[in-house]
Amino acid sequence: MSRFETKHASTISAPIPSRQARASQKRRNRRGKAHNPCNAPAAKRAGNSSGPRSSSPVIAVNGLGRPSMGLRSRMDDGPAQTEARLEKMRGAVRTLLECLGEDPDREGLIATPTRFAEALLFLTKGYQVNAETMINNALFYEGHNEMVIVRDIDICSLCEHHLLPFTGKMHIGYIPCNTVIGLSKLPRIAEMFSRRLQIQERVTREVAHAVMDILKPQGVAVVMESSHMCMVMRGVEKTGTTTVTSCVLGCFESKYKTRNEFMSLVGVKKM
C-alpha cells in the first residue's frame, strides 16, 4: 500500500443542487452579464447620443481626421504638384516679408521663403496621416479591464488664430473592454491631431473621440496642459499661464471616482 493511501478513505459527494437553486444561479449569471459594461453597445459606453458629450467620430472612411478636398489633393500630390505647392507658398512668404518692409533678397532672408514653406508643411503633416495605417492592427485581446494611462506626451501644435505655437503635455487614459492598444499608438494619435492648425479644446476632444472610436473601450479620458505663444509673445503677454483642458467619455464621465482616480494619477487636481 502506498504511503499516500489510507485504509479508511471515504468519499464525500457534493449535494446535487435543486431545480430551484439552479434556476436562481442562472438568473444571477444573467444579471452579472447584463451589468458588465463591456457588453453594452459602444455608442452607449461613449455616452447618451443626445447628451452634450456624445460620441462624434473624427476619423473619416478614408482614415483621415477632419478631411477636406484640399487635404485629399495634398495627399495625392506627385513631385510636380508638390513643387508647385511649395512655389506658391514661397511667393506668399516673400510677399509677407516685403509687406514687413524687409528685403527678401538679402543674405539672411533669401532662403527664408523655402525654409518657412517646408517647415509649415511639416508642422501640419497630421492632416495627411491615415489612422488605419498608423494603428496597423495593433489591437490585442488581453482580457484586461483596468485603467491604462500614458502620460506626459509632448505636444507641439499651431494655434489656428495666429499661427503661433502652443506646447505642453497630454495625458491619455482608457479602461479597456478586454482589448488593449499598443502603447506607442496613443502618442501617435495625439501627434496626428496636434500636427495641424488647432485650438487646444479641439485637439483634446479629437484625441479622446479617436481613441473611443478605434478601441471601443469602457471609457476614455484626455487631459492637456499647455502654454500658448499667442498669450506669451503678444496680447496679454503673460508668460506664466498654463491652459488645462479635458475630455472624458464613457465611464470616466459617468463615474466620479473613476474620473478622480485618473486625475490623481496624472497629477491634476480633482475635477
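Predicted model: local features only at pLDDT ≥ 70, side-chain atom pairs only at ≥ 80, totals over all residues.
On the H4 side, the residues involved are Arg85, Leu86, Met89, Arg90, Val93, Arg94 and Leu97. They meet Thr112, Pro113, Thr114, Phe116, Ala117, Glu118, Leu120 and Leu121 in H5. H4 covers residues 79-99, and H5 covers residues 112-123.

Two packed helices are described by the angle between their axes and the distance between the axes. Here the axes come within 8 Å, and they cross at roughly 120 degrees. Angles of 65 to 115 degrees would count as roughly perpendicular and those over 145 as roughly antiparallel, and H4 and H5 are therefore oblique to each other. The crossing of H4 past H5 is right-handed.

Next, the sheet. It is open, it has five strands, and the order is E5-E2-E3-E6-E7, with mixed pairing. Which strands stand at the edges? They are E5, residues 197-198, and E7, residues 243-250. Each of these has a single partner strand, so one side of each is left without a neighbour in the sheet. For E7, the pairing with E6 is antiparallel and runs over eight bridges. E6 spans residues 219-228. If you want a place to look, Val223 stands opposite Ser246 in E7.

Now to the aromatic rings. How many aromatic pairs does a search of the whole structure find? One. The pair is Phe252 with Phe262, with ring centres 5.8 Å apart. Their planes are at 70 degrees, and over 60 counts as edge-to-face, so that is what this pair is. Phe252 belongs to helix H10, residues 251-254, while Phe262 belongs to helix H11, residues 256-265. The pair therefore ties together parts that are 10 residues apart in sequence. Both Phe252 and Phe262 are buried.

Is Asn178 buried or exposed? Its relative accessibility is 19%, and the limit for buried is under 20%, so Asn178 counts as buried. Leaving out residues up to four places away in sequence, Asn178 touches Cys38, and also Phe140, Tyr141, Glu142, Gly143, His144 and Asn145.

Finally, the whole chain. The protein has 11 helices and seven strands. There are 271 residues, of which 37% count as buried. Taking contacts between residues at least 6 apart in sequence, 70% join residues at least 24 apart.

Conventions
Residues numbered from 1 in each chain as written. Heavy atoms only, no water. Pairing = 2+ DSSP bridges. Helix = DSSP H or I, 4+ residues; strand = E, 2+ residues; numbered from the N terminus. Phe/Tyr/Trp six-rings, centres within 6.5 Å; stacked < 30°, edge-to-face > 60°. Buried < 20%, exposed > 50% of the residue type's maximum accessible area, 1.4 Å probe, protein only. Axes fitted to C-alpha atoms, helices over the stretch in contact; angles between N-to-C directions. Parallel < 35°, antiparallel > 145°, perpendicular 65-115°, else oblique. Left-handed = near helix turned anticlockwise from the far one by under 90°. Contact = heavy atoms within 4.5 Å.
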